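Have the viewer open and follow along.

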Amino acid sequence: MTDAILTESRTTDAAAWWRQAAVYQIYPRSFADANGDGIGDIPGILSRVDYLADLGIDAVWLSPFYPSALADGGYDVADYRDVDPRLGTLTDFDAMVAALHSRGIKVVVDIVPNHTSDLHAWFQEALAAGRGSAARERYIFRDGTGPDGAEPPTDWQSTFGGGAWERVEDGQWYFHHFAVEQPDLNWANPEVRADFLTTLRFWSDRGVDGFRIDVAHMLTKDLTEPLPQTAELEAIPRDGNHPLFDRDDVHEVYAEWRRVFDSYDPPRTAVAEAWVETPERRARYASAEGLGQAFNFDLLVADFDATQFRTIIADNLAQAEATGSSTTWVLSNHDVTRHATRYGLPALNGRRVKQGTEWVQAGGPAEQLDRDGGLRRARAATLLLLGLPGSTYLYQGEELGLHEVAAIGPDQRQDPAFFRGSEFDRLGRDGCRVPLPWTAAGSSFGFGADGAHLPQPDWFAEYAVDAEAADPESTLNLYRQALRLRHELQTGEQMEWIETGRDDVLRFARPNGWQVLTNFGTAPYPFEGEAVLSSVPTSPGILPAESTVWLAPQS
Ligand code: GLC
Ligand code: CA
């Protein structure tokens with residue numbers, strides 16, 4: 001029976017690998033440091049390919065590894081078609097791709113099209129060329145207002161806090177949605193459009209299988225004068241015609257990209273990071289004529305709560321069916337508080353992400369953190385998600401059950417959101433970007449020879465890969481088992497709810513007979529059947545509080 005299922009899943013259309021993939025996000029500067037300079041690098045990833053293969057993931061997604069001054073953790077790209085020399089070379093990159101491919105792991109890279117770094121050759125040229133030049137037309141330069149144009153063109157605020165316009169030497173201002181070192185590109189400029197097609201081909205030609213598109217909903221803008229001020233801007237509905245967000249015309253860009261993706265065999269894939277208002281608006285990014293898939297971030301702002309999970313699961317599966325895409329489950333990434341920590345803090349109580357300006361925050365102060373409870377709930381939530389149809393995006397370190405690192409001094413922090421006082425969880429995003437612990441002993445817990453670029457706490461020892469590999473009940477071993485069994489479980493893209501008689505217990509079945517049961521409550525739940533995998537130790541027929549079990553098909 002098992003063999004038959006495996007054969008069936010392996011012979012599905014090779015081009016559709018992404019539909020139910022487990023994708024592991026690597027934040028390269030914090031993954032593994034091969035040359036011991038404190039910064040993770042491409043040879044470091046290469047040295048851990050066995051680890052990734054043993055974990056059982058289908059693909060890796062690499063956050064930016066391009067040349068960058070790191071004003072925003074690499075999302076300020078100085079050259080889209082090269083590797084940061086501190087992280088390696090293009091030759092190292094090719095070797096890494098070859099090694100991953102040889103183990104059956106696909107490679108997804110991050111494309112950051114809304115803005116470049118201020119160190120990008122184009123921006124440097126724009127500064128030098130002066131007002132009215134073709135070089136300035138690649139960005140968004142405007143004259144200021146007030147006497148001598150000393151006031152910014154509008155009162156718009158940037159996502160990381162502070163004004164969204166910066167004045168340059170000759171008196172003009174440029175627009176930056178994010179940090180001042182991240183000038184927005186002008187997507188009405190044909191040269192900008194053409195250059196990104198070149199970049200997509202560049203990486204596709206090197207064997208990259210797919211792309212994650214950074215703030216995919218922001219590229220095109222309507223900056224017809226007079227520009228609205230913030231109050232007026234906020235009153236404009238985000239229904240396709242807003243001057244700055246989720247404009248219908250952005251899909252012309254992605255239709256062009258799709259033609260590039262489809263010129264490869266198998267076609268390259270893409271997933272949109274698009275913080276938009278409604279499921280219908282999100283669906284546009286997931287269409288087969290566009291990027292093909294879009295992130296569903298609903299669980300980043302949900303509590304560990306059966307009713308919230310059930311609604312989110314049902315809505316997203318319905319939406320995936322309507323678009324022909326598959327959904328994308330996410331509990332953690334490089335922008336949010338790790339989910340073990342979120343679930344150990346007071347509930348979010350329905351607080352919601354608002355188009356990337358007000359980001360998810362853990363629901364309370366660190367003193368209130370229940371570390372064991374948070375991890376117990378995180379393991380239950382992850383095991384539930386891995387049993388669902390769709391692809392699941394995992395963030396490096398969650399397979400170790402890592403908590404957010406709160407103890408990072410102000411002088412050690414790197415996130416511009418921290419320094420500019422924006423809403424990014426107040427402390428910024430460094431706490432989920434601390435280099436991984438590979439060994440319980442040794443310098444920087446085996447991350448590299450000589451320290452790590454963000455401070456690792458003592459408690460990392462307990463979560464180190466070598467410690468967890470040796471413990472059958474560790475989170476690492478739970479992920480390994482789940483990802484291995486998942487290849488048997490993920491055959492059809494359907495699921496069916498089974499009534500449990502309790503509001504805080506969810507149960508569903510997959511078409512091949514696999515079942516998943518999650519108890520979100522505190523009272524144990526008796527069930528029929530034999531668990532093949534569970535998020536906590538179980539006794540036969542009893543689903544403990546805050547846990548998930550998988551049941552194999554009855555033969
Ligand atoms: C995306 C990235 C985030 C980055 C921002 C600007 O939201 O995930 O890390 O700061 O875009 O590029
Ligand atoms: Ca290094």
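## Loops, helices and a ligand

Let's start in a loop of this predicted model: Asp246 lies between helix 7 and helix 8.

Q: Where is Pro266, which a cis peptide bond joins to Asp265?
A: The bond between Asp265 and Pro266 has an omega of about -5°. As for its place in the chain, Pro266 is in the loop between helix 8 and strand 8 (269-272).

Q: Are helix 6 and helix 8 roughly parallel or roughly antiparallel to each other?
A: The axes of helix 6 (residues 190-205) and helix 8 (residues 250-261) come within 10 Å and cross at roughly 30°. Angles under 35 degrees count as roughly parallel. The two helices are therefore roughly parallel.

Q: How many charged residues does the contact of helix 6 with helix 8 have?
A: Helix 6 brings Arg193, Phe196, Leu197, Leu200 and Arg201 to meet Glu252, Val253, Glu256, Trp257, Val260 and Phe261 in helix 8. By class, the contact has seven nonpolar and no polar residues, and the charged ones number four.

Q: Is the crossing of helix 12 and helix 15 left-handed or right-handed?
A: The axes of helix 12 (residues 371-386) and helix 15 (residues 475-489) cross at roughly 15° and come within 10 Å. The pair is therefore roughly parallel. As for the hand, helix 12 passes helix 15 in a crossing that is right-handed.

Q: How many nonpolar residues are in the contact of helix 12 with helix 15?
A: Among the residues making this contact are Leu375 and Leu383 of helix 12, with Leu478 and Ala482 of helix 15. Arg379 of helix 12 and Arg486 of helix 15 also take part. By class there are two polar and two charged residues, while the nonpolar count is nine.

Q: Which residue has a side-chain N or O atom 2.6 Å from an oxygen atom of ligand 1?
A: Of the 15 residues that surround ligand 1, the closest are Asp72, Asp214, Glu273, His334 and Asp335. For Glu273, the side-chain distance to a ligand oxygen is 2.8 Å, and for a polar side-chain atom of His334 it is 2.9 Å. The residue at 2.6 Å is Asp72.

Conventions:
Residues are numbered from 1 along each chain as its sequence is written. Chains are lettered from A and ligands numbered from 1 in the order in which they are written. This is a predicted model: local features need pLDDT of at least 70, side-chain atom pairs count only at pLDDT 80 or more; totals for chains, interfaces and linings use all residues. Side-chain values use heavy atoms; hydrogens and water are left out. Axes are lines fitted to C-alpha atoms, for helices over the stretch in contact, and angles run from 0 to 180 degrees between N-to-C directions. Helices (H or I, at least four residues) and strands (E, at least two) are DSSP runs, numbered from the N terminus. Angles under 35 degrees count as roughly parallel, over 145 as roughly antiparallel, 65 to 115 as roughly perpendicular and the rest as oblique. A crossing is left-handed if the near helix is turned anticlockwise from the far one by less than a right angle, and right-handed if clockwise. Contact means heavy atoms within 4.5 Å. Ala, Val, Leu, Ile, Met, Phe, Trp, Tyr, Cys and Pro count as nonpolar, Asp, Glu, Lys and Arg as charged, and the others, Gly among them, as polar. A residue is near a molecule or strand if one of its heavy atoms lies within 4 Å of it. A polar contact is a pair of N or O atoms within 3.5 Å; within protein, one must be able to donate a hydrogen and the other to accept it, and residues adjacent in sequence count only if both atoms are side-chain atoms.
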